[in-house]
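Thank you for making the time this morning. I would like to walk you through one structure, and I will go slowly for anyone who has not seen it before.

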Amino acid sequence: MNRRLIAGAILGCAAQLSGVGLLLTSAWLIVRAAEHPPVLYLMVAIVSVRFFGIGRAVFRYGERLLTHHVALSRMIDDRVRVYRNLERAAPAGLPRQRRGDIISRVVSDVTTSQDGLLRIQLPWIYTLTSCAVVVAVLAAVSPVAALVVGAYSLACLTVARLGLANAVRVDSIAAAEARSTMSAQSAVLASTSRDLVAYGAAAPFTHDLHEAIDAQARTQLRTGWFAGLGAALVLLSTGVATALIAVSANGVRPVMAGVVLLAPVALLEPLLSVFEAERLRPAVLAARSRLDQLDDLRRPVVEPLVATHAAVAGGLALHGVVAGWDSSLTTPTSVTLERGSIVGLSGESGVGKSTLALTLAKLIPPRSGKLTLGGVDYRDLDGQDVRARVGLCGQDDVLFDTTLRENLRVAAPDVDDDRLRSILTRVGLGPLLERMPAGLETPIGNHGSSLSGGERQRLAMARLLLGEHQILIFDEPTEHLDRDAARQMIADILSLRDEHAIVLITHSASVLAVCDQIVHIDPALDSDAAPRPAPAPAQALSLA
Amino acid sequence: MKPLDPRLVRRSHGVRSLLGAIAGLGVLSAGTVIAQAIVIATLVDRMFSARPLVSTAWTIAGIFAVRALIHWAHSTVSERAAVRVKAELRHELANDLLDSRRIGAAPDPAAVTTIMGPGFDAFDGYVSRFLPQLVLTCLVPPAVIVTMFLVDPVAALIVAITLPLSIVFMVLIGMMTRDKLSQRWESLERLSLHFAQVLDGLVVLKLFGRRQERSLIDVGRRHRDATMRSLRLAFLSSLVLELVATLSVALVAVSVGLRVVDGGMDLLPALIVLLLAPEAYLPVRQLGMMFHDSTEGAAAVNVALDLLDHDRQTGHQSAPNLRTSDIRIDRVSVQHPDRSMPSLLMSDERIRPGEFIAIVGPTGCGKSTLLDVMLSFVRPTTGQITVASTDLRDIDPDQWRHQIAWVPQMPGLVAGTVADNVRLACTVASDTHIRQALDDAGAADLPLSRTVAEDGLDVSAGERRRIAIARALLRVRTGGASLVLLDEPTAGLDSEREASVLASLAMLDATVVVVAHRPETISAASRVIALSTPVEATV
């Protein structure tokens, strides 16, 4: 157990008990004073009242600092865990939702799940402690009062944990459904708004969204009256408990009248705090379960227990490789890639060319057939080792929202600026570098948004070159480039052939024309291939 | 941050009626709080002096029951108001999303999704909890202090001095730590951004073998330590509030206790004062705890109001017939406020009915921007587009677009079937027409009944574009449009399909303007307009 957490919890209990103690000690002090004893007899009570008065605030301050430190540390662990899970699954094992949605969900889930500690578990501990201490103190003064207060606390805590929790859960499930319909619909509308407006076809679509908004409002209105019910019940039972103590606690010493009668009122705040905590529970549980689901994401590639290290020399060979992930499969493909060779992969859109590229990088296993690198079967190689030698420049490679330099350093962390400049010049970004006053320090925006399409592609290529791979795969390198830029890009790629084996995935006839060898990929029927190895558990990540 | 955004009160009927109802319930609530203190004090007094207390006991149960009822009504009213206000704003946002008079960028899907979905949850807390608590805070403490004054002026004075003092301290410390707090938010944003980027770039990082555990831990620790430093200050404001609140209760307790000892005060008033003192601070303390709700909720309100805040087209003139009128582009430039260079800079051009024009130029010269201007989505910064001597900005945008078919670079698809998506162009078109349009768009292989998921997630980029081309063809053939604007429509198509698309476009009875970089497309055009990259010096 974490020492900070224990210390924080103890301070938290002390803080809440100080609040309870302040009221009860003050009550005792005043009632005792009414017996007109010498002031000296009141000194202990007076000091205690002052101590509790300062204590509650100071203890609470310490508690908040310690427990927040714990929560922040746990968030770091959660982030690493999420990263590990997603990294293992990427890219093929990731759920097929919009990437942005998943990311923003995961980022906020990590934060929400720590609310579980700060705003649910700890308040419960404090309240349970306060109730126990008050009942114990009362037991010494008046067993009847202790019994009443015990029953009163127990009833409130039970209602908080069981009764109301269910109502809140029903409420939040229905509301969450309506909410996700609403945000999905509005996301679609936002991304298609231009088309709908241009075609004057907007009206029927907003109609659906308006319906969803009203539906969500109706669900919430139906369950809205639950919100204050918990606190109302606590107030009601505080009244009943106080009345019961008054009529049943006979024979209490007069000086204790304040303590026994005010005990339920003193517990009012602690008891209300657990109702407050329970309000958050459904959201926290949902966030936790979504994070836990990430543990079960299917892992496309099984890495060998003991990896062989491939001989440095020797190319990549495909022997009847059938590529495919969820749906489309390719016909068996056989080809050998050696340094100096340029192989074009062509085929209809959607046939699985990009899937084949991922298979070459060992991000997806082949559905049948065999790949070898330097004569060693992919299955015996570590994916990391394969990717150190096989580089891939994908269609929509992510550029990071940072500087030119940091984007390039992803491929080679230790490289110096001269090399970075020369590589940028080599891929034709020399003019860009000159234009930018900040040089390598120039930020490129989210996904490279401050660069043009061609510049983005060239930057991705520069990054690929820094990786010093032996085999380079370019997925549609001339897409989105104008004619001159495309011609230049192809010339640049051709200039790499002396040091690398090159694979060009393209449907452009002019690009295929430069290749030594063209492999045409056709779609295969499902029956052509072996069943997917290791049928993965169908884990759908729900983002609702 | 203002605790209550006046824009919200002005805008929302729901918020105004909530404030009224809550004020009424707040007065009742203050009454029961005072009654409760008096009756409990009486009860203790009677037990102390061994007088009969059964009727007082049941009175206290009754008062608590009334208080419970008021509390319940209070939260139900607030909750319902929050729901209503939220629905009001959401309806407004939904309408705005497809506002055909919007000028400038389309709404950011990420912001819209958040605000229409989970982002507005924070708003619940703001309207249903923070605002009502704000009202209670204005009502209950004064009532309590007045009552205390009637019972014991000395104790009332302690509270009356310390309560405003604690608020002043809290605000002062809040102001002192605001920078720290905003630094903390920035640091949190940076951390989330870093994490999001790592997740976003998973594949690239994996391809290059850069594992990120170490950096996640390092960045996380740095953030944690920075956050702890600022929390030490930030929690000070609640420390002060709590300290003043509990310490003054202790002060009141000791002061009345000492006066009771020497007979200067009776037990009953002493107990009343003791029980009332914490009630004066409670609403303020709760308000402080809800500050979190309020900042998030106010932020959500801000995002919503910002989304609604944009320029709108004001033109109402009817659109001239594009079959007979030229489109004159007169020294049009477009300058985005956040860029140093203009996005588009053109000299004079004239597009005549029936022409097939290719727009060419290097990347970043504003080809797509020109189409946006012609669609009335963007207003020229300088210069103008005129049609039959009417300025485009004076023309009703809906009417104007009625004559236009448009194929953007990344066309939007709606959930439904392929046929549904093509039919957007002309709702009365028959399946035969739609089939024909798809065939001519090089999409003969796409069945009409094939389903399209939300946002076209299951449709490839090439298919998406061909569906959009079919949409445009249909718009001209059966929808009567006479101007076709296309943005690189043949990117991603093989040469056979490209040829068939270009042939279909050439045969249309319409003016065609196509942004192109593929030689095949350019050579199909009857005229080429070349744009050049705008240079800073010319503006």
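**A covered helix and its surroundings**

Let me begin with helix α9 of chain A, in which Lys353(A), Thr355(A), Leu356(A), Ala357(A), Leu358(A), Thr359(A) and Leu360(A) are buried, where buried means that 20 or more other C-beta atoms, placed from the backbone, lie within 10 Å of the residue's own. Before I go on, please keep in mind that this is a predicted model, in which local features need pLDDT of at least 70 and side-chain atom pairs count only at pLDDT 80 or more, while totals for chains, interfaces and linings use all residues. Residues are numbered from 1 along each chain as its sequence is written, and chains are lettered from A and ligands numbered from 1 in the order in which they are written.

What does α9(A) lie across? The helix, residues 353-360, lies across β4 (342-346), β7, β8 and β9 (501-505) of chain A, and runs at about 155° to β8(A), an angle taken on a scale from 0 to 180 degrees between N-to-C directions, with axes fitted as lines to C-alpha atoms, for helices over the stretch in contact. After α9(A) comes Lys362(A), with a positive phi near 55°.

Those strands belong to an open sheet of five, in the order β7-β8-β9-β4-β10 of chain A, with parallel pairing; two strands pair if DSSP finds at least two bridges between them. At the edges stand β7 (390-393) and β10 (517-520) of chain A, and because each has a single partner strand, one side of each is left without a neighbour in the sheet. On average, neighbouring strands here are turned by 20° against each other, direction ignored. Between β7(A) and β8(A), residues 471-475, the parallel pairing runs over four bridges, and Gly391(A) stands opposite Leu472(A) in β8(A).

Chain A also has an open sheet of four strands, ordered β3-β1-β5-β6 and paired in the antiparallel sense. Its edge strands are β3 (333-337) and β6 (376-377), each pairing on one side only. Strand β5(A), residues 368-373, pairs with β6(A) over two bridges, and the bridge partner of Thr372(A) is Asp377(A).

Stepping back to the whole chain, we find 16 helices and 11 strands in chain A, counted as DSSP runs numbered from the N terminus, with helices (H or I) of at least four residues and strands (E) of at least two. The domain assignment, which is an automatic or database one, gives domain 1 (3-295) and domain 2 (316-520) of chain A, and their centres, taken over C-alpha atoms, are separated by 52 Å.

How many residues of chain A are in contact with chain B? There are 117, meeting 122 residues of chain B, and two residues are in contact if their C-beta atoms, placed from the backbone, lie within 7 Å. Helix α2 of chain A, residues 43-89, gives the most to this side of chain A, with 23 residues.

Finally, the largest nonpolar core has 248 residues, and those that touch the most other members include Ile30(A) and Leu274(B); such a core is a set of buried Ala, Val, Leu, Ile, Met, Phe, Trp, Tyr and Cys residues joined through C-beta atoms within 7 Å. Helix α4 of chain A, residues 143-198, contributes the largest share, 18 residues. Among the residues that Leu274(B) touches are Ser26(A), Ile30(A) and Val252(B), not counting residues up to four places away in sequence.

Conventions: Buried ≥ 20, exposed ≤ 12 C-beta atoms within 10 Å, placed from the backbone.
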